[in-house]
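Reader: I've just opened this one and I'm new to it. Mind walking me through what's there?

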Amino acid sequence: MSAAPAGPLTRAPHPRLRRFVGDYAGYDISGVPAGTHLGLPSGTLTFIVSIDEPLCQVDAVSGSREYFDVLLAGLHLRSTLIAHPGTMSGIQINFNPSAPRAFFGIPAAEFAHHSVDVARISRPLAAELHERVNLETEWSARFAAIDDVLMRTIDDANRPRAEVTAAWHRITDSHGGLPVSLIADDVGWSRRHLGSQFRSEYGIGPKDAARIVRFDRARRLIPAGRGSLAEIAVSCGYADQAHLNRDFRDFVGLSPSQWLAADDVARSRTVGTDSAGVASAMG
């Protein structure tokens with residue numbers, strides 16, 4: 001059910017959910033040329049409920065397409081391709097890496113480096129989320145529907161080991177700026193043991209997690225023009241602009257300027273709306 005945007009497009013979830021869920025972020029994109037949008041690595045798992053048309057993800061190698069009414073994408077180190085006809089609408093629910101255990105009883109590692117149709121994990125949950133979000137015409141009612149469904153699903157007691165969760169928070173709170181050795185010392189484990197437990201739970205190691213968190217912060221500032229690339233690089237903890245460019249090439253395959261030139265959706269958005277849509281992880 002299509003609707004003109006009504007009310008704010010971003011809202012915090014119910015307080016009980018906030019240990020596992022960031023903002024609900026609506027996006028209603030139109031007026032850009034049809035093409036492909038790059039879903040970039042992010043420090044959250046991306047849980048998307050599409051509105052009207054399914055989200056279309058394209059395999060970069062084979063060109064095959066997969067369509068999702070409700071998608072969950074794990075932590076990943078490469079961008080993914082989302083095809084669109086010039087319009088996209090949906091709600092992104094930003095899961096922290098502890099959320100898959102709380103909602104599905106599955107570690108985030110099971111979703112790392114790929115996207116999953118949520119109907120394969122929980123058909124009733126996916127069907128109810130999609131139906132209720134698409135029946136509503138105002139963002140506030142859509143967000144309330146998600147609250148209701150997730151509140152009936154959550155198992156607060158199902159969490160990763162405390163040391164792994166603490167390590168993740170040390171990474172995110174420092175914006176990826178702490179050495180892994182220091183984080184290991186803080187949680188009382190060796191660096192090797194931390195790496196093993198961290199990868200087993202999240203699907204990536206703590207060093208890659210720090211890189212993603214730092215990159216994610218930078219790429220949200222760039223479209224908004226929050227300073228020059230050199231200034232953004234320094235403010236996000238990079239040694240210099242060249243270091244930022246290397247991470248862009250590793251994660252995206254493009255420099256920051258090439259990324260903006262190639263992606264009309266990313267270029268058209270500000271930092272506020274960028275965090276409210278499909279610019280983050282999708283595969």
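Reader: Is Asp-52 buried or exposed, or something in between?
Author: Asp-52 counts as partly exposed, because its relative accessibility is 32%. For the cut-offs, buried means under 20% relative accessible area, exposed over 50%, and partly exposed in between, using a 1.4 Å probe and protein chains only.

Reader: Before I go on, what sort of model is this, and how are residues numbered?
Author: It's a predicted model, where local features need pLDDT of at least 70 and side-chain atom pairs count only at pLDDT 80 or more, while totals for chains, interfaces and linings use all residues. Residues are numbered from 1 along each chain as its sequence is written, and side-chain values use heavy atoms, with hydrogens and water left out.

Reader: OK, back to Asp-52. Where does it sit?
Author: Asp-52 is in the loop between strand S4 (45–50) and strand S5 (55–58). Helices (H or I, at least four residues) and strands (E, at least two) are DSSP runs, numbered from the N terminus. The phi of Asp-52 is near 70°, a positive value in a residue other than glycine.

Reader: And what about the phi of His-113?
Author: His-113 isn't a glycine, yet its phi is positive too, at about 70°. You'll find His-113 in the loop between helix H1 (99–104) and strand S10 (115–117). His-113 counts as partly exposed, because its relative accessibility is 42%.

Reader: Switching to the inside: how many residues are in the largest nonpolar core?
Author: That core has 68 residues, and those with the most contacts inside it are Phe-47, Ile-93, Phe-95 and Phe-103. A nonpolar core here is a set of buried Ala, Val, Leu, Ile, Met, Phe, Trp, Tyr and Cys residues joined through side-chain atoms within 4.5 Å.

Reader: Which helix gives the most to this core?
Author: Helix H7 (residues 206–221) does, with 7 residues. Apart from this core lies another, of 11 residues, including Leu-55, Leu-71, Ile-82 and Met-88.

Reader: What does Phe-47 touch, leaving aside its neighbours within four places in sequence?
Author: With those neighbours left aside, its contacts (heavy atoms within 4.5 Å) include Val-70, Leu-72, Ile-91, Phe-104 and Leu-150.

Reader: You mentioned H7. What can you tell me about Ile-212 in there?
Author: Ile-212 lies in helix H7 and counts as buried, because its relative accessibility is 2%. Leaving aside neighbours within four places in sequence, Ile-212 is in contact with Pro-41, Ser-42, Gly-43, His-76, Leu-77, Ile-204 and Phe-251. Ile-212 and Thr-44 are 168 residues apart in sequence and 9.6 Å apart in space, C-alpha to C-alpha.

Reader: How do H4 and H7 meet?
Author: Their axes come within 9 Å and cross at roughly 35°. The axes are lines fitted to C-alpha atoms, for helices over the stretch in contact, and angles run from 0 to 180 degrees between N-to-C directions. On the H4 side the contact is made by Trp-168, Ile-171 and Thr-172, and on the H7 side by Pro-206, Ala-209, Ala-210 and Val-213.

Reader: Now salt bridges. How many are there?
Author: The count comes to 15 salt bridges, each being a side-chain nitrogen of Lys or Arg within 4 Å of a carboxyl oxygen of Asp or Glu. One of them joins Asp-156 and Arg-16, with the closest N and O atoms 2.5 Å apart. Asp-156 lies in the loop between helix H3 (139–151) and helix H4 (162–173), and Arg-16 in the loop between strand S1 (10–11) and strand S2 (21–29), so the pair ties together parts that are 140 residues apart in sequence.

Reader: What about Glu-163 and Arg-161?
Author: Glu-163 forms a salt bridge with Arg-161, the closest N and O atoms being 3.8 Å apart. Elsewhere, salt bridges that share partners join Glu-128, Arg-132, Asp-148 and Arg-152 into one network.

Reader: Last one: where is Cys-236?
Author: Cys-236 is in the loop between helix H8 (229–235) and helix H9 (241–251). Cys-236 is buried, because its relative accessible area is 2%. Leaving aside neighbours within four places in sequence, Cys-236 is in contact with His-175, Arg-214, Arg-217, Ala-218 and Leu-221.
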